[in-house]
Amino acid sequence: MKLLPINQQLKTIIYSLVLVLFASCSSRPESLKAIPENTSAIAVVDVFSLYKKGNLEDLDDLEFFKTFQKEIRNEDKKVANFLEDLREDPSKTGVDFTKDVFMYYIDEGTDEKFVCVSLDLKDEEKYAEFLEDIFDKGGVDFDVEKEDLYKYIKVQNEVVFAWDSNKALIVTAQNWSSRENLELEVESLFELKVDKQIVVNKEFMSFYSNKKDVNFWVSSNILESSFYLKELEKQFDVDMTDNYISASLEFEDDRISLQGKMFPNREVREMMKRDNVWDHDFNNALLKFLPKQSFANLAMSFNPSENYKVMQEQGELESIEKEFEKEMGFELEDLIKSIEGSMVFSLSNIEESTYTYDTYKMVYNENKTRRFDASTNEYYYEGGYEYRDTTETRTKTLPVMSLVFDINSDKYLKKVIKKIPESEIEEKDDYYEVKLDGSYSGYFAFDDDTFLFTNDKKSIKAFKDGGLGSKSLSGSSKLSDFSGGGYYAYLNLNYDDYPKEVKKMIEEEQNDKEEEVFEIWTNFARGIELKMIDNFTLEFNLETKDNGKNSLQQLLELMDESFKSFSSL
């Protein structure tokens, strides 16, 4: 029998996985029992949640899905008809898609490298019929083999489809030598004892109990034999095995959230606790010096002295320290200790700025050369070009930015300021003005507690009065995020809020098609934020506009609009 071409097999598999999403939660999945305790990489997909959030019963309405269906039908109508029947009634697969699907990587030697998929079954007989039908219609030669605990089909000596009454496995060899051990690996997975299953790994089960829609789990043991891991162990003098990192993706109604978490072993945890540079509360008072309107923010709260000590121990500062003391006349560590550790950066606007600057350029002088006319016995002037000192005026679109941080002493800041050449700094009544890039101005002011640097005149003039009051960032809806400590960053993607200067710059760089796609995406995104939850957890959020739909459904519709736009080229 003629074998299905490899590209057609891939499309069939992809299409079959899409059908997974059309199943109409639940105890611990049976398919967990087929994952070894020492597995180093696992992905978990909550198919049922994705189905509901993406409103996937209407997937047929999306143009990119229609196009994919047509490609399958053009290549093999029998397979297309079969898959269409399954889409109408996914229970024919025998798979229980209300349970999670697991994908994992097994590496037990150069000849034992496998990628596996495990899933729960509702009906063993239907699953067997489903496999036989899809292989028959796809032109794949196969035989169903029977073992005491399971049945299996081996395809092209590369992939094994195996199942029992509760679960199904798809095991793929990752290299030629591993193909020899395919059937042995399948047998070992079905015979796993409870104490050898992933369920005895406490860190994994903690991760699994907090799973979201799509989840990844990786152990540092996957790099156990690597040179890089061994070098890290030497550098930090700790055991780098049995550390785990997880990532969880969740589609919420107003955002797409990706959370990363580390599960360190005892030695690494103690090292991080000992060198905890983030052990510092955020100073909310800094926010009153920054404008409430903001397009981007970065807030940090850390222990400068602890961070300095860590860098010293790693030998990163020796040459810098010597050079600093030579230039400034005091130690760099003294300056670092005068900084408390909270700081905030803000991009509050983008506007046109007019400034003047001195230059030396060629200009036309109508009286450049004096000459004598003997016929008239009079002097006259001829024009010509010459170089002259001149003052030019220029208009430039500039970001309005501010940086504020807290201090416990202004002693060393004053010493630094004295080192600035007088030609580059001007002392005003309540602040200092410096020239940036030799043209436009920047300003800074400080007292015993706070230092502010900005190119916004309103902010610098408000410093002596204690900040901007009700017009400051302290009234932001993001206040709790700023106050959380560690680090927090936010970028406003709401295009309606952008200044006209920014919109003009963007529009001038786009052709009609790019403008169309850009509008599609700006109707979707509201903002991006990155925040530290604790020493072992960080979170990235893509905020979406509120239109009554889950973010996954919005994303699918967005992709479809983009697909239709590019298809019309």
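A nonpolar core is a set of buried Ala, Val, Leu, Ile, Met, Phe, Trp, Tyr and Cys residues joined through side-chain atoms within 4.5 Å, where buried means under 20% relative accessible area, exposed over 50% and partly exposed in between, for a 1.4 Å probe and protein chains only. The model is predicted, so to speak of local features requires pLDDT of at least 70 and side-chain atom pairs count only at pLDDT 80 or more, while totals for chains, interfaces and linings use all residues. Residues are numbered from 1 along each chain as its sequence is written, and side-chain values use heavy atoms, with hydrogens and water left out.

The largest nonpolar core has 45 residues, and those with the most contacts inside it are Y127, L131, F135 and W163. Among the elements that each supply at least two residues of this core are α3 (63–75), β3 (113–120) and α19 (551–567), helices (H or I, at least four residues) and strands (E, at least two) being DSSP runs numbered from the N terminus. The largest share, six residues, comes from α5. A second, separate core of 31 residues includes V171 and F263.

T454, in strand β17 (residues 450–454), counts as buried because its relative accessibility is 0%. Its side chain takes part in the two pairs below, a polar contact being a pair of N or O atoms within 3.5 Å in which, within protein, one must be able to donate a hydrogen and the other to accept it, and residues adjacent in sequence count only if both atoms are side-chain atoms.

| Partner of the T454 side chain | Distance |
|---|---|
| S402, side chain | 2.7 Å |
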